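Have the model open while you read.

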Amino acid sequence: MLRNYVGGAWVEAGASETLETRSPAGGAVLAEVPLSTADDIAAATAAAREAFPAWRSTPPQQRARALFALRELVVANQQELAELVTLDMGKTTDDAFAEVGRGIESIEAAGAVPHMLKGENLEGIATGVDIEMVRQPVGVIAAITPFNFPAMIPLWFLPFAVGCGNTFVLKPSEQDPLTSVRLFELIDEAGVFPAGVVNLVHGAHDAVNGLLHDPEVDGISFVGSAKTARYVASTAVAEGKRVQALGGAKNAMVAMPDADPKLLAGGVTGSAFGAAGQRCLAGSLLVLVGTEAEQDATLQTVVDAAGALSVGDGADPATDVCPLVSVASRERVEGEIETALGEGARLVLDGRRGGGEGGAELGPTIIDGAPADSRAVREELFGPVLTVLRTPDLDGALELVNSSRYGNSSILFTSSGGTAREFRHRVQAGMIGVNVGVAAPIAWFPFAGWKDSIDGDLHANGRDAFEFYTRKKVVTSRWA
Ligand code: NAD
């Protein structure tokens, strides 16, 4: 059974219920995950609260040095962490290695903390009166993270939160917590932080509710589905907590007839089918622009590239499309495909494998002709399923893209700078790609979407992270 990490020690959760985390490739049980209760959560938040006064008083340069040590630790163990991501979540080892690399970049960006915490001042706002703004940490921050990036997303939050002088409690996804456990083991063994500065609790809904209703928690960083994000954000606000809740997505990729075929084929298939479509930046809609003949030609380019992808175990270097995170997830996505077919859509590429050897595998699937209000067009299916839409021109494409309730990412494939500029200006989404299939900003830039893809104002990473993890205090003073 996995243990929680509280106040600098590994402790058994008092939880009586557990879940199994299983390998997506093959289904072997990897660990028992305790479903921590409100009491388990209270122990972790109490440890974080106790560590807060000394940690916030630690000079920011020294906190940054702890982040540098953390960076060296993750760099030295990048391959091992990546292999754990593959084992527990399923994605290919190359993809997992790149994911850990993204986490390393977040630590690097957070290392600028002494610079980013500097305030503002203005001399002589009245006779003998000066004004200054300083930034102080918020207190205890809890992060609640999803299954699809078990290394990167905890590292979006931990470095910035503790760099700013907060203490921290992580509740990773109950579906694949092993990478977080190893990260905390490394932190513990190397003594990167004083006891209680970072804590880890396992669990699911009860653990999340424990954090949401715990008076010791001052702020919550959440990433997950749109429905849970809305619940977490509204509950946290009602409890008087600061919150950023990044939710789900339905990302469109617009293919203009003048798109470079190579960039288009690699970009669209990498985005739609990489990590088996289980990325918040996965392109799950392909909007074909042009005459019917041009649309068909573009679609054929994508179908040919998708049909050449190999489906299998993420640990096999030959694999392009990994299994879904669980058999239940594969069954859910197959149900969504059936629903779309029942509504009149047709399969252009059928990735269903009748269960498959690994059980959770599903190949690239492309659907055309789904009704405009169907789930295949409107909702995130979170699997390797690409839904095709058609329109004659860019105006029509923008109308289709902007009618979504989500606004995480949107992608354009074109060779025209003018078309790209028009798209960039008018599209309603937070992360835009031009001839880039997965437009994930590096950690020095903000990461999040618009509309129902976020509840809260401040994005993850970039300057926004320093804003979210600090409170501003303005001091006006006069000296005789
Ligand atoms: P999820 O919402 O099921 O779970 C996320 C977290 O919330 C987990 O820690 C889980 O334990 C907890 N949780 C789930 N349901 C809950 C409930 N009813 N009450 C309280 N807590 C609950 O999401 P997931 O399936 O793990 O992750 C995939 C989703 O995350 C997708 O929708 C994806 O788009 C989204 N995502 C978004 C971003 C982004 O940047 N916007 C990034 C990655 C993933």
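Five residue pairs make polar contact across the interface of domain 1 and domain 2, with both residues at pLDDT 80 or more. A polar contact here is a pair of N or O atoms within 3.5 Å; within protein, one must be able to donate a hydrogen and the other to accept it, and residues adjacent in sequence count only if both atoms are side-chain atoms. Keep in mind that this is a predicted model: local features need pLDDT of at least 70, side-chain atom pairs count only at pLDDT 80 or more, and totals for chains, interfaces and linings use all residues. Numbering runs from 1 along each chain as its sequence is written, and side-chain values use heavy atoms, with hydrogens and water left out.

**Charged pairing**
- There's one salt bridge between the two domains (a side-chain nitrogen of Lys or Arg within 4 Å of a carboxyl oxygen of Asp or Glu).
- Asp95 and Arg279 pair their side chains in a salt bridge, 3.1 Å from N to O.

**The domains**
- Domain 1 takes in 4-247 + 453-478 and domain 2 covers 251-434, with bounds from an automatic or database domain assignment.
- Their C-alpha centres sit 32 Å apart.

**Contact and buried area**
- On the domain 1 side, 16 residues touch 21 residues of domain 2 (contact means heavy atoms within 4.5 Å).
- The two domains bury about 1500 Å² between them, 58% of it on carbon and sulfur atoms; that's the accessible area (1.4 Å probe) that two parts lose on being put together, summed over both.
- Pro24, Thr92 and Ser453 supply 30% of the area domain 1 buries against domain 2, more than any other three residues.
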